[in-house]
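User: Please take me through this structure. Begin with the terms, and then we can go from one region to another.

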Amino acid sequence: MIDRISKDDKVMPDFVMLSDPDHAVIDRYGLFNEDSSRRRPFPHPATYVIDKEGVVRYRFVEVDYKVRPTNEDILEVLKGL
């Protein structure tokens, strides 16, 4: 996946990307979308801010993948940590 992300500009991301092929984390957070009209299930889009102690400080989950929190919303949460 990293290769696909950096394919055009040849710049590797400067953050860690995680993979959840068995959807253990997706299941734990209740994000698995089992909509039968799709070819295969996939997670609902979600954004979490988790502090250094592992406490969820911000959670945004939306069924419509087009609706996302703004960068400003997330930055405000991060500033408050």
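Analyst: Helices (H or I, at least four residues) and strands (E, at least two) are runs assigned by DSSP and numbered from the N terminus. This is a predicted model, in which local features need pLDDT of at least 70 and side-chain atom pairs count only at pLDDT 80 or more, while totals for chains, interfaces and linings use all residues. Residues are numbered from 1 along each chain as its sequence is written, and side-chain values use heavy atoms, with hydrogens and water left out.

User: Is Lys79 buried or exposed?

Analyst: Lys79 counts as exposed because its relative accessibility is 62%. The classes are buried for under 20% relative accessible area, exposed for over 50%, and partly exposed in between, using a 1.4 Å probe and protein chains only.

User: Now the strands. How do E3 and E4 pair?

Analyst: Strand E4 (residues 56–61) pairs with E3 in the antiparallel sense over 5 bridges; pairing requires that DSSP find at least two bridges between two strands. Within this arrangement, Ile50 stands opposite Val56 of E4.

User: What lies between the two strands?

Analyst: E3 and E4 form a hairpin with 5 residues between them, and Gly54 in the turn has a positive phi of about 90°.

User: Which residue other than glycine has a positive phi?

Analyst: His23 is such a residue, with phi near 45°. Its place is in the loop between helix H1 (2–5) and H2, and His23 counts as partly exposed because its relative accessibility is 27%.

User: Back to E3. What does Val49 touch?

Analyst: Val49 lies in strand E3, residues 46–50. Beyond its neighbours within four places in sequence, Val49 is in contact (heavy atoms within 4.5 Å) with Val55, Val56, Arg57, Tyr58, Ile74, Val77, Leu78 and Leu81. Val49 is buried because its relative accessible area is 7%.

User: Leu81 is on that list. Where does Leu81 sit?

Analyst: Leu81 is in the segment after helix H3 (71–79). Leu81 counts as exposed because its relative accessible area is 53%. With Leu75 and Leu78, Leu81 makes a nonpolar surface patch of about 280 Å².

User: On what terms is a patch defined?

Analyst: Patches consist of residues with over 30% relative accessible area and no salt bridge; like charges are joined within 9 Å, and nonpolar side chains (Val, Leu, Ile, Met, Phe, Trp, Tyr) within 5 Å. Accessible areas come from the Shrake-Rupley method with a 1.4 Å probe, and for residues only the protein chains shown count as cover.

User: Next, aromatics. How many aromatic pairs does a search of the whole structure find?

Analyst: The search finds 1. The pair is formed by Tyr29 and Tyr48 and is tilted, at 4.7 Å centre to centre and 55° between the planes. The pair links distant parts of the chain, 19 residues apart: Tyr29 in the loop between helix H2 (24–28) and strand E1 (32–33), and Tyr48 in strand E3. Rings of Phe, Tyr and Trp (its six-membered ring) pair if their centres lie within 6.5 Å; planes under 30 degrees apart are stacked, over 60 edge-to-face, and the rest tilted.

User: How accessible are Tyr29 and Tyr48?

Analyst: Tyr29, at 29% relative accessibility, is partly exposed, and Tyr48, at 22%, is also partly exposed.

User: Last one: where is His44, and what is it in contact with?

Analyst: His44 is in the loop between strand E2 (42–43) and E3. Leaving aside neighbours within four places in sequence, His44 is in contact with Leu31, Phe32, Asn33, Val61, Glu62 and Val63. His44 is buried because its relative accessible area is 15%.

User: How far is Asn33 from His44 in space?

Analyst: Their C-alpha atoms are 5.8 Å apart, with 11 residues of separation in sequence. Asn33 lies in strand E1 and is buried, at 10% relative accessibility.

Key: A salt bridge is a side-chain nitrogen of Lys or Arg within 4 Å of a carboxyl oxygen of Asp or Glu.
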